[in-house]
Amino acid sequence: MLQASSTRQIAVTVNAITKIFGEGDNSVVALEDVNLEIKENEFFTLLGPSGCGKTTLLRLIAGFEHPTSGNILLYDQDITFLPPYQRPVNTVFQNYALFPHMTVRQNVSFGLEMLGRAKSEIKETVDSVLNLVRMEELANRRTSEISGGQQQRVALARALAPRPKVLLLDESLSALDYKLRQDMQLELKRLQHETGITFIFVTHDQEEALTMSDRLAVMDEGRVLQVGGPSEIYNYPKERFVAEFIGDSNFLEADVTSVNERLVRIQFYTGKEFEVPAFRDMRVGAHVTVAVRPEQVTLSNSLDAATFTGVIENMVYLGTHTHYIIKLSNGSEFTAHIQNLRGHDRQFEIGGAVGIALDPATIQVLKD
Amino acid sequence: MAETENTSSVLAAQSHQVAIEASRRNKIRNFRLLSMPALIVLTIGAAGPLLIMLVYSFLKAAPYGGVVWEPSIDGWFGVFLKKDIFDGTISIATAHLSILWRSVNLSIQSTLLALILGFPTAYFIATRSVQTRNLWLFLITIPFWTNLLIRTFAIMQVIRDQGIINNFLIGWGLIESPIEMLYTDFAIMLGMTYVYLPLMVLPLYASIEKLDFRLVEAAYDLYATRLRVLWRIIIPLVRPGIVAGSILVFVPSLGAYVTPRVLGGGKHLMLGNLIELQFGQGRNWPLGAALSIFLLCVVMGALLIYVRVAQRGTTEHV
Ligand SMILES: Nc1ncnc2c1ncn2[C@@H]1O[C@H](COP(=O)(O)OP(=O)(O)OP(=O)(O)O)[C@@H](O)[C@H]1O
Ligand SMILES: [Mg+2]
């Protein structure tokens with residue numbers, strides 16, 4: 001599986017792209033030296049908070065904007081300055097942007113008509129695409145006469161009909177309600193599978209990004225911070241921002257006490273030491289921040305063996321889990337999510353002392 | 001039990017709704033009382049004169065203007081037919097028909113020209129930043145502040161034989177003798193276009209400004225070139241503005257009086273001038289009144305056809 005994906009061709013190359021809007025004092029750096037390689041038939045997600053430049057990157061790939069510097073390749077062709085209508089790339093817009101003066105069928109046919117395809121071929125393709133998104137019954141409705149979820153599907157069909165090499169989706173699911181959204185998530189994955197098209201999907205919803213993507217890029221303030229598969233991003237966040245944005249994390253300070261080739265020893269304020277993999281140059285005496293996921297710790301009543309000790313400030317019972325907020329002995333807060341097992345509840349009390357044990361494998365050293 | 005309770009509560013809610021509706025209607029009826037002054041003004045100012053015209057068109061002409069209160073269809077007869085003074089033979093009033101034709105023709109031409117000039121202008125304004133838009137709109141409306149006659153004379157200065165255009169062309173040696181533009185149908189058409197252009201630009205601007213430019217992007221994305229985006233997306237979506245602007249230019253053009261009078265030099269009459277002639281020198285008020293009503297019918301007929309055609313485009317499903 002890994003083998004197959006690594007030998008896949010690269011569909012889109014984003015090469016050192018910088019995009020600056022405006023000039024002089026009120027200029028905005030929307031993207032800064034962004035580099036990405038998106039593989040053929042990959043479900044690739046751009047994830048990041050509002051204003052981080054996701055839409056801008058998508059618009060550059062679609063051709064609605066031109067970069068200040070850098071270039072974009074589609075397979076081997078430089079498309080940086082091609083107009084949108086010359087790129088085999090289609091977009092599903094956030095607001096759908098369906099043509100209100102046309103029926104569903106006319107909307108879906110539009111791209112093929114503009115490409116000058118034969119009438120019979122258009123009809124055939126449109127029928128099959130409408131079938132793909134399960135909209136054939138409403139083909140002759142006007143776009144104002146269908147529901148939001150249906151409009152979403154028409155927008156998808158319209159973008160898929162010309163068989164683009166790359167499909168761009170800008171927060172395409174965010175306007176839908178929870179149930180519909182989950183249906184559409186499955187549907188998108190199915191479509192990607194059936195069509196073999198490369199999907200570049202934009203979202204600020206980390207859960208959506210983790211469940212849908214083959215790989216994702218986490219962005220912040222115009223930069224790509226980390227690219228990787230969902231579990232890689234979740235388990236090995238390189239930066240504090242990534243660890244914070246995706247899932248919950250505890251951040252702890254530690255000092256480097258010894259360094260050898262592959263491993264470094266770090267020491268927490270409690271004096272406990274751990275050996276963790278070194279991913280960058282670290283000197284003895286350096287100060288590092290590490291991230292620990294709340295669900296990857298264990299709590300116990302035995303305080304001596306614990307890495308940290310603290311007092312339970314609050315606990316929230318959530319059925320499968322209980323969330324504990326613990327005040328550590330150095331005054332900082334620590335969150336632990338502990339799975340509930342029958343017969344083991346009521347083990348800890350608010351106000352009670354508790355020991356937190358870490359597994360070295362769960363400690364992620366962050367870039368500072 | 002629970003069900004009947006439910007239905008009765010639904011019924012109660014419904015009757016409550018009905019009561020609210022009724023009281024709202026009462027309120028609206030009271031508002032109608034407030035609208036009486038407007039209705040009175042409309043009756044006196046618009047319907048009244050029309051009625052008088054209609055009545056006059058069926059009366060006999062008095063020798064020195066005015067009407068004699070005797071029913072007659074001479075006025076209407078004169079619109080379409082004419083009687084030879086000497087031998088009394090009846091023939092079709094070709095002069096009137098050619099004036100009608102010229103009026104309709106020139107009005108259509110100036111409407112088209114105004115559309116061709118007005119569309120890019122409105123598009124340009126609508127795509128500026130919000131602050132500069134207001135400046136451009138202001139500039140568009142400035143001509144309205146100037147007297148129509150003065151504006152028409154200004155056009156005259158531009159197109160007459162020793163006018164700006166001819167002087168310029170002769171000065172550059174492009175032509176030898178001046179192109180005759182003043183006192184032609186072209187002059188009338190140009191003048192009307194100039195005078196009524198803002199009436200085309202403003203509704204077009206209102207439509208284009210409301211246009212969702214994301215749709216334009218979507219069309220670009222779907223392989224439509226610029227020209228195709230214009231034809232397939234922009235024009236259909238701003239059609240209401242095109243319809244409104246065209247009506248606003250066509251209607252006053254058809255009844256224009258000052259512009260054809262000044263720029264046509266009295267040789268090239270339009271319906272407005274013909275009507276004026278009947279009430280003035282012609283001293284044939286019934287004919288003038290009949291021509292006015294006729295003009296009204298032409299306008300309404302033209303609008304009906306136009307709106308039909310324009311609507312057909314928007315509702316067609318292929
Ligand atoms: N046309 C523009 N002119 C000036 N600044 C712009 C323009 N478009 C985007 N920006 C700026 O560039 C930055 C990135 O914007 P972008 O729309 O790409 O963010 P985003 O990640 O899509 O955010 P969101 O999740 O809110 O959609 C923002 O600071 C934004 O203000
Ligand atoms: Mg965005």
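P203(B) lies in helix α8 of chain B. The model described here is predicted. With a relative accessibility of 17%, P203(B) counts as buried, because buried means under 20%.

Beyond its neighbours within four places in sequence, P203(B) is in contact with P198(B), G241(B), A244(B), G245(B) and L248(B). One of these, L248(B), is 45 residues away along the chain, and its C-alpha atom is 9.0 Å from that of P203(B).

## The course of the helix

Helix α8 of chain B covers residues 185-210, which is 26 residues. At 1.5 Å a residue it should span 38 Å, and its end C-alpha atoms are 37 Å apart, so the two values agree.

Where does α8(B) bend? The bend is at Y196(B) and amounts to about 50 degrees. A proline, P198(B), follows within four residues of that point. P198(B) is also among the residues in contact with P203(B).

## Chain A as a whole

Chain A contains nine helices and 20 strands. Along the principal axes, its C-alpha atoms fill a box of roughly 80 × 50 × 45 Å. Of the 368 residues in chain A, 50% are buried. Among contacts in chain A with a separation of 6 or more, 65% are between residues 24 or more positions apart.

## Surface and charge of chain A

Chain A exposes about 17500 Å², and carbon and sulfur atoms supply 48% of this area. The chain has 35 positive and 47 negative charges.

Definitions and conventions
Residues numbered from 1 in each chain as written. Chains lettered and ligands numbered in written order. Predicted model: local features only at pLDDT ≥ 70, side-chain atom pairs only at ≥ 80, totals over all residues. Heavy atoms only, no water. Helix = DSSP H or I, 4+ residues; strand = E, 2+ residues; numbered from the N terminus. Expected span 1.5 Å × (residues − 1). Bend = angle between axes of the 7 residues up to and from the residue. Buried < 20%, exposed > 50% of the residue type's maximum accessible area, 1.4 Å probe, protein only. Contact = heavy atoms within 4.5 Å. Areas by Shrake-Rupley, 256 points an atom, 1.4 Å probe, with all protein chains shown as cover. Lys, Arg positive; Asp, Glu negative; His and termini not counted. Charge placed at Lys NZ, Arg CZ, Asp CG, Glu CD.
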